[in-house]
Amino acid sequence: KAAKAKLQTVAKKLEEDNIEHMTKQLEVFKKNLESFAAKHKDRINQNPLFRHQFQQLCAKTGVDPLASRQGFWSQVLGLGNFYYELAVQIIQLCLALREENGGLMTLKELFRELSRRRGAHQQKASIQDVEQAIQKVAILGSGFRIVQVGGEAMVMSVPRELNTDHSAIITHARDSGGYVTRSGVEKKLGWPKHRFRQCLDMMLQEGMVWVDDQHGGERQYWFACLLNA
């Protein structure tokens, strides 16, 4: 028993020493990261690809340069302010387009429209920057988030959930030119009429889907999020 207790004590001491060593190494690395950030400030701010790679490096060490608009990262890089302003612009754009798309649009479309509105005089933003900004907004529980639909990244700006049927019918609409018909869904997805209606009810209510009876054939249901995709 004495030998076992001694081994446990030695093991505990080794574990504590190891944790202390790793903690010191991490602190040294974070200081080096700060020096790197200060040295390459202009490149990080001006080059979206380099900024994205820098953020990936930060994430691996548990450093979040976007966590606060105060402190070292904000003072040296101004990243907190950049993403704060970008998030505000994204919210304003999504709200402005909500009547048109019902609060659902592709990330690519959002990025294109945001880039057009920002113009050439503001700091250049990449699609990864837009994703970062939306992730920060999503923490607030405001309904803004990115969802994956049929391999396509889409931005939701309403507090609604898309289930697997919604994803399936959006994917089918995308592959069919932006719209679906009841007979087409029945043929492609094998859904009965009640499932088709149940799936579309929320999307029609939110304005994500528009009804077209003007072409003279079977009623078409157009998905606003795909019209400019």
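Modeller: Let us begin with Ile 170, which lies in helix H8. Please bear in mind that this is a predicted model.

Colleague: Is Ile 170 buried or exposed?

Modeller: A residue counts as buried when its relative accessible area is under 20%. Ile 170 has a relative accessible area of 2%, so this residue is buried.

Colleague: Which residues does Ile 170 touch, not counting residues up to four places away in sequence?

Modeller: Ile 170 touches Leu 104, Val 149, Met 154, Leu 162, Met 203, Phe 223 and Leu 226. Consider Leu 226 in particular: Ile 170 and Leu 226 are 56 residues apart in sequence, yet their C-alpha atoms are 8.6 Å apart in space.

Colleague: Thr 171 is also found in helix H8. Why does Thr 171 count as buried?

Modeller: The cut-off is under 20% relative accessible area. Thr 171 has a value of 19%, and therefore counts as buried. Leaving out residues up to four places away in sequence, Thr 171 touches Val 149 and Gly 150.

Colleague: May we apply the reading to a residue in a strand? Where is Met 156 found?

Modeller: Met 156 is found in strand S3, which covers residues 152-156. With a relative accessible area of 0%, Met 156 is buried. Apart from neighbours within four places in sequence, the contacts of Met 156 include Gly 103, Leu 104, Phe 144, Leu 162 and Met 208.

Colleague: Let us turn to helices. How does one check the length of helix H10?

Modeller: One compares the expected span with the distance between the end C-alpha atoms. Helix H10 has 14 residues, 193-206, and at 1.5 Å a residue it should span 20 Å; its end C-alpha atoms are 21 Å apart, which agrees. Helix H7, residues 127-138, can be read in this way too: its 12 residues reach 16 Å from first C-alpha to last, close to the 16 Å expected.

Colleague: Where does H10 bend?

Modeller: H10 bends by about 35° at Leu 200. Leu 200 is also one of the buried residues of H10, together with Phe 196, Cys 199, Met 202 and Met 203. After the helix comes Gly 207, which has a positive phi, near 90°.

Colleague: Against which elements do the buried residues of H10 pack?

Modeller: They pack against helices H8 (164-175) and H9 (182-189), and against strands S4 (179-180), S5 (209-212) and S6 (220-223). For H7, the buried residues are Asp 129, Val 130, Gln 132, Ala 133, Ile 134 and Val 137.

Colleague: How should I read a sheet?

Modeller: Strands of a sheet pair through backbone hydrogen bonds, either parallel or antiparallel. Here three strands form an open sheet in the order S4-S6-S5, with antiparallel pairing. S4 and S5 are the edge strands, each pairing on one side only. H10 packs on this sheet and touches S4, S5 and S6, and the direction of H10 makes about 45° with that of S6.

Colleague: How many bridges join S5 to S6?

Modeller: Four bridges join S5 to S6, and two bridges join S4 to S6.

Colleague: Finally, what can be said of the protein chain as a whole, and where is confidence lowest?

Modeller: The protein chain contains 10 helices and six strands. Of its 229 residues, 39% count as buried. Among contacts with a separation of 6 or more, 55% are made by residues 24 or more positions apart. As for confidence, the chain averages a pLDDT of 79, and 72% of the residues score at least 70. Confidence is lowest in helix H4, residues 71-77, at a mean of 51, and highest in H9, at 95.

Methods
Residues numbered from 1 in each chain as written. Predicted model: local features only at pLDDT ≥ 70, side-chain atom pairs only at ≥ 80, totals over all residues. Heavy atoms only, no water. Expected span 1.5 Å × (residues − 1). Bend = angle between axes of the 7 residues up to and from the residue. Buried < 20%, exposed > 50% of the residue type's maximum accessible area, 1.4 Å probe, protein only. Contact = heavy atoms within 4.5 Å. Pairing = 2+ DSSP bridges. Axes fitted to C-alpha atoms, helices over the stretch in contact; angles between N-to-C directions. pLDDT = per-residue confidence, 0-100.
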